[in-house]
Amino acid sequence: MSRIGLKPIEIPAGVEIKFNDGLVEVKGPKGNLTQEVGRGFELEFEENQVTVKRPSESKQHRSLHGLYRTLIANMIIGVTEGYKKQLEIIGTGYRAQKQGNKLNLSLGFSHPVILEDPEGITTEVPNERVIIVSGIDKQLVGNYTAKIRAFRSPEPYKGKGIKYSDEYIRRKVGKTGK
């Protein structure tokens, strides 16, 4: 039994949820998000709460029950508060700059890496060592930060590279002389 799927989702003031033909639409102060829900799943509305109901007790429906509940809860958080991830750049000569809606990264390659912000995502560079990625869609924010990090993921000897601000880099001891 899905314990997560059975939890009701609180709907804050200013958020509107519509459900028809397997499509959930969430509108809030920061924007709109839509998510397709599997066939047979229903949303049950009560006062300021939503509960996801599954069509049967089959293994597939039980496994998707918690997923759909979490996706809808993440959409509600996204349109009210939004999501934010912070990256740190460590290494001599590594830096980031913001030029319009483009992110310019100098990461030790022979050329700069230039990334254009996707639709619905904004990046900020408060200083040349910090990148803040924010948006209302949790999946887009996570994918874009992972894409940025993949250009220079942190290495274990000196810790150089791009890391999440809350990430811990496990260090290794280098070679020792005889």
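Biologist: Which cut-off decides whether a residue is buried or exposed?

Modeller: Buried means under 20% relative accessible area, exposed means over 50%, and partly exposed lies in between. Keep in mind that this is a predicted model. Now take Lys-163. Its relative accessibility is 10%, so Lys-163 counts as buried.

Biologist: Where does Lys-163 sit, and what does its side chain reach?

Modeller: Lys-163 belongs to strand S13, residues 161–164. Its side chain reaches the backbone oxygen of Glu-167 at 3.2 Å.

Biologist: Which residues of H3 are buried?

Modeller: They are Val-141, Tyr-144, Thr-145, Ile-148 and Arg-149. Look down the axis of H3: these buried residues fall within an arc of 140 degrees, so they line one face of the helix.

Biologist: Which exposed residues does the face turned away from that buried side carry?

Modeller: That face of H3 carries the exposed residues Gln-139 and Ala-150.

Biologist: What covers the buried residues of H3?

Modeller: Strands do part of the work. The cover includes S7 (83–90), S9 (102–106), S10 (113–116), S11 (121–127), S12 (130–135) and S13.

Biologist: What happens at the start of H3?

Modeller: Check the side chain of Asp-137. One of its oxygens reaches to within 3.2 Å of the backbone nitrogen of Gln-139. Gln-139 also gives a reference point for distance.

Biologist: Now a loop. Is Asp-117 buried or exposed?

Modeller: Apply the cut-off again. Asp-117 has a relative accessible area of 12%, so it is buried. Its place is in the loop between S10 and S11.

Biologist: Which side chains make polar contacts with Asp-117?

Modeller: There are Thr-123, at 3.1 Å, and Tyr-144, at 3.4 Å. Tyr-144 is one of the buried residues of H3. Beyond four places in sequence, Asp-117 is in contact with Lys-98, Asn-101, Thr-122, Thr-123 and Tyr-144.

Biologist: Where do Asp-21 and Glu-47 lie?

Modeller: Asp-21 lies in the loop between strands S2 (16–20) and S3 (23–28). Glu-47 lies in the loop between strands S5 (42–46) and S6 (49–53). Asp-21 is exposed, at 82% relative accessibility. Glu-47 is exposed as well, with a relative accessible area of 85%.

Biologist: What does the partly exposed class look like?

Modeller: Ile-4 is an example. Its relative accessibility is 45%, so Ile-4 counts as partly exposed. Ile-4 sits in helix H1, residues 3–6. Its C-alpha atom is 8.0 Å from that of His-65, a residue 61 places away along the chain. Not counting residues up to four places away, Ile-4 touches Gly-66, Arg-69 and Thr-70.

Biologist: Let's step back. How many helices and strands does the protein chain have?

Modeller: The protein chain has 3 helices and 13 strands. Buried residues make up 37% of its 178 residues.

Biologist: What does the radius of gyration tell me about the chain?

Modeller: Compare it with a compact globule. For 178 residues, such a globule would have a radius of gyration near 16 Å, but this protein chain has 21 Å. Along its principal axes, the C-alpha trace spans about 65 × 45 × 25 Å.

Technical notes:
Residues are numbered from 1 along each chain as its sequence is written. This is a predicted model: local features need pLDDT of at least 70, side-chain atom pairs count only at pLDDT 80 or more; totals for chains, interfaces and linings use all residues. Side-chain values use heavy atoms; hydrogens and water are left out. Helices (H or I, at least four residues) and strands (E, at least two) are DSSP runs, numbered from the N terminus. Buried means under 20% relative accessible area, exposed over 50%, partly exposed in between (1.4 Å probe, protein chains only). A polar contact is a pair of N or O atoms within 3.5 Å; within protein, one must be able to donate a hydrogen and the other to accept it, and residues adjacent in sequence count only if both atoms are side-chain atoms. The arc is that of the directions from the helix axis to the C-beta atoms. Contact means heavy atoms within 4.5 Å. The radius of gyration is taken over C-alpha atoms; the globule rule is 2.2 Å times the number of residues to the power 0.38.
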